[in-house]
Amino acid sequence: MKLEEFQAKKLFREYGIPVPDGIMVTTAEEARSAAEKIECPVVVKAQVQAGGRGKAGGVKLVKTPAEAYMAANSILGMDIKSFRVERLLVDPAVSIAGEYYVGITIDRRKKLPVMMASASGGVDIEKVAAETPEKIFFQEINPERGLRSFEAKQLAFQLFTDKRKALATASVMMKLWDCFHGIDASLVEINPLAELEDGSIIALDAKIVLDDNAMFKHPVMEEMRLPTPSEQKELDARSHGLSYVQLDGDIGCMVNGAGLAMATMDVIKHLGGTPANFLDIGGSSSPEKVIHAMELLVSDSNVKAVFINVFGGITRCDDVASGLVAALREIQTDIPLVVRMTGTNEEEGIRILSDFGITALKDMTEGAREAIRLAGEGGCS
Ligand code: GDP
Ligand code: MN
């Protein structure tokens, strides 16, 4: 789960990391009042779950509340890396003397958290890593002991020779570790960690990715979730007992069992098609589940054909067939449908479908090929 900057800064603040005292707003009018309250100059910043907002024109430094209003107007609704800007952070602007980078993530190869720091901050850190890797310094962290004060200082002195600035940075690093550890993050990042003209150190940007597998420990943070439209769909699906992952192809898939769902996607791909989703309706597929699943598939405007692939084991084909008929009675759709059905009670299932005017196939490859043909993808025959 990714947080937006205003949420990440709130958590940073709770852990004692210095951050600007800004205000999150959702309208240009609110941005103007925030600018009046904070006192100009201010920075108006797009809130999206992605970086590179500065380059995309989503970060604007303004000198008056009227300018804040105009900046907010131009940034709201902007599309940044396919996120629509719906929120802004209005932060007091500061005079920057230098931009640095500090972050913590898990090094999967070493199986340890690692702190990264660089004097080349403010810019894309991936670019620094690719072009001048020697400019990034690393400190592995023993997760049980935590980041040691001397380790933080060693790293901070790679960025600053000035003792006061190095110690202030080391203190931020210690707090950043406390935060990373305390909230079960998989990434925390400050880019830029800014040195101001008065020599103080402050986090001007904040990025946090939380570990979804640890969210049960942090119900408060679950409330911070700002799902993207496709994540919202996945969450709704989960609440109906469906495992759904949206993809970008055009063949909607409805399958019982995760393994069969994977195999179905593989077969579609192999035959030259592209699956629009992963969807496992699970065992004991009640008609309600099938109806929800069908609704999910047809609500995706990319879907040009639906492939329903059922292998009856514990799940009975006649149950799924009845569910499907009920779903199709309820949902009016022109999207062509291919059903492959085999296994427990298949004769009964196929009969129910054929009474409804659907001819079920028994072979998965044949079904996938037919779905690709109906989606108009061509594929290979
Ligand atoms: P990102 O582009 O999504 O990473 O957004 P950032 O929050 O990192 O902002 C991009 C850049 O805007 C920073 O690297 C700074 O150079 C600049 N910036 C952000 N806040 C301020 C500020 O208060 N004063 C000034 N002068 N520049 C700022
Ligand atoms: Mn940044």
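This is a working chat about a predicted model of one protein and its ligands.

Biologist: What are we looking at, and how many helices and strands are there?

Modeller: A predicted model, to begin with. The protein has 13 helices and 17 strands. Its C-alpha trace spans about 80 × 50 × 40 Å along the principal axes.

Biologist: How many residues, and what share counts as buried?

Modeller: The protein has 381 residues, and 47% of them count as buried.

Biologist: Which domains does the assignment give?

Modeller: Domain 1 covers 21-92, domain 2 covers 96-222 and domain 3 covers 229-375.

Biologist: And what separates the centres of domain 2 and domain 3?

Modeller: Taken over C-alpha atoms, those centres are 45 Å apart.

Biologist: On to the metal. Which residues coordinate the manganese ion?

Modeller: Asn191 and Asp205 coordinate the manganese ion, ligand 2. Asn191 gives its O atom and Asp205 an OD atom, at 2.2 Å.

Biologist: Where do Asn191 and Asp205 sit in the chain?

Modeller: Asn191 is in strand β10, residues 185-196. Asp205 is in the loop between β11 (201-203) and β12 (207-210). The two are 14 residues apart, so the site links distant parts of the chain.

Biologist: Are they buried or exposed?

Modeller: Asn191 and Asp205 are both buried.

Biologist: Now ligand 1. How many residues surround it, and which are the closest?

Modeller: Ligand 1 has 17 residues around it. The closest are Lys45, Arg53, Gly54, Val94 and Glu99.

Biologist: What does Lys45 do there, in terms of distance to an oxygen atom of ligand 1?

Modeller: A polar side-chain atom of Lys45 is 2.5 Å from an oxygen atom of ligand 1.

Biologist: Which backbone atoms come in, and at what distance?

Modeller: Gly52 has a polar backbone atom 3.2 Å from an oxygen atom of ligand 1. For Asn191, a backbone N or O atom lies 3.1 Å from an oxygen atom of ligand 1. Asn191 also coordinates the manganese ion.

Biologist: How much of ligand 1 does the protein bury?

Modeller: The protein buries 81% of the 570 Å² that ligand 1 exposes when taken alone.

Biologist: Back to Asn191. What is the peptide bond from Asn191 to Pro192 like, cis or trans?

Modeller: The bond from Asn191 to Pro192 is cis, with omega near 15 degrees. Pro192 is in strand β10.

Biologist: And the bond that joins Cys40 and Pro41, cis or trans?

Modeller: Cys40 and Pro41 are joined by a cis peptide bond, with omega about 0 degrees. Pro41 is in the loop between α2 (28-38) and β2 (42-47).

Biologist: Speaking of cysteines, how many disulfides does the structure hold?

Modeller: The structure holds 0 disulfides. Cys317 is in no disulfide, and the nearest cysteine sulfur, that of Cys253, is 18 Å away.

Biologist: Is Cys317 buried or exposed?

Modeller: Cys317 is buried, at a relative accessible area of 0%. Cys179 is buried too, with a relative accessible area of 0%.

Biologist: New topic, helix α1. How many of its residues are buried?

Modeller: Of the 10 residues of α1 (residues 5-14), 7 are buried, so the helix is largely enclosed by the rest of the structure.

Biologist: Which residues of α1 are the buried ones?

Modeller: They are Glu5, Phe6, Gln7, Ala8, Lys9, Leu11 and Phe12.

Biologist: What follows α1?

Modeller: Gly16 follows α1, and its phi is positive, near 85 degrees.

Biologist: Which residues other than glycine have a positive phi?

Modeller: Lys81 is one of them, with phi about 50 degrees. Ser82 is another, with phi near 60 degrees.

Biologist: Where are Lys81 and Ser82?

Modeller: Lys81 is in the loop between β4 (79-80) and β5 (83-84). Ser82 is found in that loop between β4 and β5 as well.

Biologist: Why do they count as exposed or buried?

Modeller: Lys81 is exposed because its relative accessible area is 54%, and the cut-off for exposed is over 50%. Ser82 counts as exposed at 65%.

Biologist: Last one, Pro275. Where is its place?

Modeller: Pro275 is in the loop between α9 (258-270) and β15 (277-280). At 7% relative accessibility, Pro275 counts as buried.

Biologist: What separates the C-alpha atoms of Pro275 and Asp250?

Modeller: Those C-alpha atoms are 5.9 Å apart, although Pro275 and Asp250 are 25 residues apart along the chain.

Conventions:
Residues are numbered from 1 along each chain as its sequence is written. Chains are lettered from A and ligands numbered from 1 in the order in which they are written. This is a predicted model: local features need pLDDT of at least 70, side-chain atom pairs count only at pLDDT 80 or more; totals for chains, interfaces and linings use all residues. Side-chain values use heavy atoms; hydrogens and water are left out. Donors are N, O and S atoms within 2.8 Å of the metal (3.2 Å for Na, K and Ca); water is not among the atoms, so sites may look incomplete. Helices (H or I, at least four residues) and strands (E, at least two) are DSSP runs, numbered from the N terminus. Buried means under 20% relative accessible area, exposed over 50%, partly exposed in between (1.4 Å probe, protein chains only). A disulfide is a pair of cysteine sulfur atoms within 2.5 Å. Domain bounds come from an automatic or database domain assignment. A residue is near a molecule or strand if one of its heavy atoms lies within 4 Å of it. A polar contact is a pair of N or O atoms within 3.5 Å; within protein, one must be able to donate a hydrogen and the other to accept it, and residues adjacent in sequence count only if both atoms are side-chain atoms. Accessible areas come from the Shrake-Rupley method with a 1.4 Å probe; for residues, only the protein chains shown count as cover.
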